[in-house]
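Trainee: I am new to this structure. Please take me through a close look at a single part.

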Amino acid sequence: MATFEQWLDAYDIVYRALPAASDQPCPNCRRQALRLVFTGPSGSGYGYASFWCDACLEGIHLSRVPVPAGIVARSLADAPETRRPTVPNYRVVS
C-alpha cells in the first residue's frame with residue numbers, strides 16, 4: 001500500500017500539470033486512473049482537494065489548498081448529493 005507521502009508526491013505532479021491531464025500512475029496500483037476534484041467557496045481561490053484512483057479507490061483528502069486558475073471547484077453552496085463531478089467513497093490514506 002502506498003504511503004501518504006507517496007500520494008502527496010503524486011498529487012504534486014498532477015496538480016502542477018493542471019489544467020492539462022497527467023499520465024501519472026497511481027502510487028498504489030500503478031494504473032493511470034488518478035482523479036483530482038476541488039470543492040470550495042465559489043470564487044475564493046481555495047478549497048478542499050479530493051485526490052483518488054478510480055481503479056483501486058484509494059487516495060488522499062487535503063484542506064485549504066489553492067485552486068489553480070482555470071479550474072472550476074465544486075461549490076459548497078450546492079447540496080453534497082448534487083455536486084458535480086461526483087467523488088466516490090474512496091479509502092483515505094493517512
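In what sense do β2 and β3 pair, and over how many bridges? Please go on from there to what surrounds them.

Mentor: Keep in mind that this is a predicted model. Now to your pair. β2 and β3 run antiparallel to each other, and 6 bridges join them. Trp-52 has Gly-59 of β3 as its bridge partner. Ser-50 has His-61 of β3 as its partner. Between the two strands lies a hairpin with 4 residues. Look there for Leu-57, which takes a positive phi near 55°.

Next, turn to the other neighbour of β2. That neighbour is β1, and the pairing is again antiparallel, over 6 bridges. The hairpin of β1 and β2 has 5 residues between the strands. Gly-43 in this hairpin takes a positive phi near 75°.

Glu-58 stands opposite Arg-91 of β5.

How covered is β2? Of its 8 residues, 6 are buried, so this strand is mostly covered. In a regular strand, side chains alternate between the two faces of the sheet.

Arg-64 has 61% relative accessibility, so it counts as exposed.

Helix α1 covers residues 4-17, which makes 14 residues. At 1.5 Å a residue, α1 should span 20 Å. Its end C-alpha atoms are 20 Å apart, which agrees. The buried residues of α1 are Trp-7, Ala-10, Tyr-11 and Val-14. They cover an arc of only 105° around the axis, so they lie on the same side of α1. Among what covers these buried residues are β1 (34-40), β2 (46-53) and β3 (58-66). The face of α1 turned away from the buried side carries Glu-5, Asp-9 and Arg-16, which are exposed.

A cis peptide bond joins Leu-18 to Pro-19, with omega about 10°. Ser-22 is in the loop between α1 and β1 too. Is Ser-22 buried, exposed or partly exposed? It is partly exposed, with a relative accessible area of 31%. Setting aside neighbours within four places in sequence, Ser-22 contacts Ile-13, Val-14 and Ala-17. One of these, Val-14, is among the buried residues of α1. The side chain of Ser-22 also reaches the backbone nitrogen of Gln-24, at 3.0 Å. Ser-22 and Ala-10 are 12 residues apart along the chain, and their C-alpha atoms are separated by 10.0 Å.

Arg-30 is another residue of the loop between α1 and β1. Arg-30 is not a glycine, yet its phi is positive, about 70°. At 54% relative accessibility, Arg-30 counts as exposed.

One last stop is the loop between β4 and β5, where Pro-85 lies. The peptide bond from Arg-84 to Pro-85 is cis, with omega near 0°.

Back to where you began. β2 pairs with β3 in the antiparallel sense. β2 pairs with β1 in the antiparallel sense as well. The buried residues of α1 have β1, β2 and β3 among what covers them.

Notes. Residues are numbered from 1 along each chain as its sequence is written. This is a predicted model: local features need pLDDT of at least 70, side-chain atom pairs count only at pLDDT 80 or more; totals for chains, interfaces and linings use all residues. Side-chain values use heavy atoms; hydrogens and water are left out. The expected span of a helix is 1.5 Å times one less than its number of residues. Buried means under 20% relative accessible area, exposed over 50%, partly exposed in between (1.4 Å probe, protein chains only). The arc is that of the directions from the helix axis to the C-beta atoms. Contact means heavy atoms within 4.5 Å. A polar contact is a pair of N or O atoms within 3.5 Å; within protein, one must be able to donate a hydrogen and the other to accept it, and residues adjacent in sequence count only if both atoms are side-chain atoms. Two strands pair if DSSP finds at least two bridges between them.
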